[in-house]
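Open the model in your viewer and keep the selection tool at hand. The tour goes from one selection to the next and says what is there.

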Amino acid sequence: METLSTPVISLPRHPNTTTLTVNNGHQHHPHPVFSLIKQCKNIKQLKQIHTQMLRTGLFFDPYSASKLFTPCALGTFSSLEYAREMFDQIPQPNLYTWNTLIRAYSSSAEPIQSFMIFLQLVYNSPYFPNEFTFPFVIKAAARLVQFRVGQAIHGMVIKSSFEDDLFISNSLIHFYAICGDLAMAYCVFVMIGKKDVVSWNSMISGFVQGGFFEKAIELYREMEMENVKPDEVTMVAVLSACAKKRDLEFGRWVCSYIEKNGIKMDLTLSNAMLDMYVKCGSLEDAKSLFDKMEEKDIVSWTTMIDGYAKLGEFDAAMSVLAAVPIQQIATWNALISAYEQNGKPNEALSIFHEQLSKNVNPDEFTFVSVLSACAQLGAMDIGVQIHAKMKKQGIKLNCYLTTSLIDMYTKCGNLDKALEVFHTVKSRDVFVWSTMIAGFAMYGRGRDALDLFSRMQEAKVKPNAVTFTNVLCACSHSGLVDEGRMFFNQMEPVYGAVPGVKHYTCMVDMLGRAGLLNEAVEFIEKMPIVPGASVWGALLGACKIHENVELAEYACSHLLELEPENHGALVLLSNIYAKTGKWDNVSELRKHMRVSGLKKEPGCSSIEVNGEIHKFLAGESSHPLCKEIYSKLDEIVARLKSFGYVPNRSHLLQLVEEEDVQEQALNLHSERLAIAYGLISVEPSQPIRIVKNLRVCGDCHSVAKLISKLYNREILLRDRYRFHHFSGGNCSCMDYW
């Protein structure tokens, strides 16, 4: 057992000699035990003194008890559990002791206990909260984001005439900012007579956290005019505002100010400067600062990796990762996330496997990124393996992971498994519900999507803008026009969700698909916001379905005004011309694209076989099994012809006079090559799952239906907009797409 380094002394039994001031006002020397308390180096030594004070009765003096209690609750080796037991032993704790316990809990893992102790103080003690009580109970309210509790405490502050206390006011600014009520935070700030640097820092930080970056910078300039000297906390907040605003010029000025005014450069401030340079795209400045930093932590390394990766400099990002002294999961996560978010899912999975090979265990953030990468690729086998690893590692499903799993399974073609995940979890936030609704929408199961939306409301989960995008998308893909109109009209008055450009686009798409082209045009003309490119693109797509050339030209002209380089618009218009036999117009558009240097985005289809992704471009000839694939393709064509199949050549962009060349061009579409490879490589009992980057063409859609019947195979094809489940000669979209 550890013993005190200072010899234990005998303590007198009578506590009246321990206080510095007694009721008659006479002064007494501090008791020798107080110096022993100060010398304690661990909780065991404090417990020894506690035992002696109980034995001598000294502990039952409120002042003496508070001297022992403070290091137990707030010391470097404190034990809050033991402090609470000690508190309950004190017959009449003084106000200082009450405040100390409230303060300790406000910074603990259980800030709610601050409220409990506060209520006991108010209702079960002879004391009333003072200016040292309120700041810490307000802090607890901020940590728990308990707006109404904080408001009630603010009311007590006013009734107690402490509203002018600077420490309390600063705490209130922070509380209201954390709870998102910046107007109230600013009101408290303005009412402070003499603000200190903490007042300014709290309000500037509040504006930054609330997304009002310009306001934060304006307030900083006002602070300078008031001749209040900023400190390192101020500069971290201002640099964060510059980073979010992408204001490199002012950010550089702030860095210069820091250097000229000798503001303490700690690691937090250095990292804030680094983050500002990276987010503003100045990697040269970031690298210069990074190289000069004497001290670096995981945040420093991760910031540099993230900066390089997000600008596409992946080799440099890998070099930084290799130089990290101690490999930690955060650095790997930065690189994996950057690859995934930059449309490089294969590379993200490659880094993930390298991470595993180095025995760096993934965490929740890793799994969210790699599941998203699998969703992009349609990599079902890899996604299943990752899900299994999550279970093996004992990872508990939070809402982020649940959302990622549902998204992965739906986009990889296994809606049943997505539903299984959805029904298994107990906690479902708005994003979990919205993702499952999106899954039904992608598969054309509009009624199921709307039923789930009803269940979401029964569960008291408030839908947001994302939810309504998915609901309207479900209505569009299933032809539920009346329901779509109803939900769109209810968004703001019933649910408080203001329609945005995505919702207007969904409505135009829904009306257009249903053939209500005139209503779609009227809807666009009455929009309260300027129609974006996506709105005109939706109208143009509808014109292709219904072969309305005049309206297509109208929509395309508006679209090209907004996006002159949009090759997709010209391709779509060309397809409309081809579909209606206007080959002269097709030639003119092709010539315009050639002269303008615009190129059609190449079609690309991928298929996963045994955990490996195989990609096919139109006319692909580099695959190792190229010979077998084309042989299977010839077999498919022969069987299709014997079944009465006639190619629909209107789906070709270019004007090709020879019919056999036209037919060959159709046969070489990327999705057909992927299907042929699937027939060779995927077990007959397993569905063929394909992902295409563009909308599947009408002829390939017809061919896929026939192949599913002739070869008795299930084919799941995900194109840019939705899923097509081909089986027995039919498609789940029921040709409504």
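Two residues are in contact when they have heavy atoms within 4.5 Å of each other. Helices (H or I, at least four residues) are DSSP runs, numbered from the N terminus. This is a predicted model, in which local features need pLDDT of at least 70 and side-chain atom pairs count only at pLDDT 80 or more, while totals for chains, interfaces and linings use all residues. Residues are numbered from 1 along each chain as its sequence is written, and side-chain values use heavy atoms, with hydrogens and water left out.

**Stop 1: colour by confidence.** pLDDT is the predictor's confidence in each residue, from 0 to 100. The average for the protein is 90, and 93% of the residues score at least 70. Now select residues 1-28, where pLDDT stays under 50. The model has 55 contacts beyond four places in sequence for residues 1-28. Residues 653-662 also have a pLDDT below 50.

**Stop 2: the domains.** Select 500-600 for domain 1 and 622-731 for domain 2; these bounds come from an automatic or database domain assignment. Taken over C-alpha atoms, the centres of domain 1 and domain 2 are 27 Å apart.

**Stop 3: H35 and H38.** Select residues 626-642 (H35) and 698-710 (H38). Their axes come within 11 Å and cross at roughly 90°. Axes are lines fitted to C-alpha atoms, for helices over the stretch in contact, and angles run from 0 to 180 degrees between N-to-C directions. Show the side chains: Ile 636, Arg 639 and Leu 640 of H35 meet Val 703, Leu 706, Ile 707 and Leu 710 of H38. This contact has 6 nonpolar residues, no polar and 1 charged. Ala, Val, Leu, Ile, Met, Phe, Trp, Tyr, Cys and Pro count as nonpolar, Asp, Glu, Lys and Arg as charged, and the others, Gly among them, as polar.

**Stop 4: H13 and H14.** Select residues 232-245 (H13) and 248-260 (H14). How far apart are the axes of H13 and H14? They lie 9 Å apart, and the helices pack at an angle of about 160°. H13 and H14 are therefore roughly antiparallel. Residues of H13 that meet H14 include Met 235 and Cys 242. The contact of H13 with H14 has 9 nonpolar residues, 1 polar and no charged.

**Stop 5: H9 and H10.** Select residues 166-178 (H9) and 182-191 (H10), whose axes come within 7 Å and cross at roughly 165°. H9 is therefore roughly antiparallel to H10. Among the residues in this contact are Tyr 176 of H9 and Phe 189 of H10.

Terms used:
Helices (H or I, at least four residues) and strands (E, at least two) are DSSP runs, numbered from the N terminus. Angles under 35 degrees count as roughly parallel, over 145 as roughly antiparallel, 65 to 115 as roughly perpendicular and the rest as oblique.
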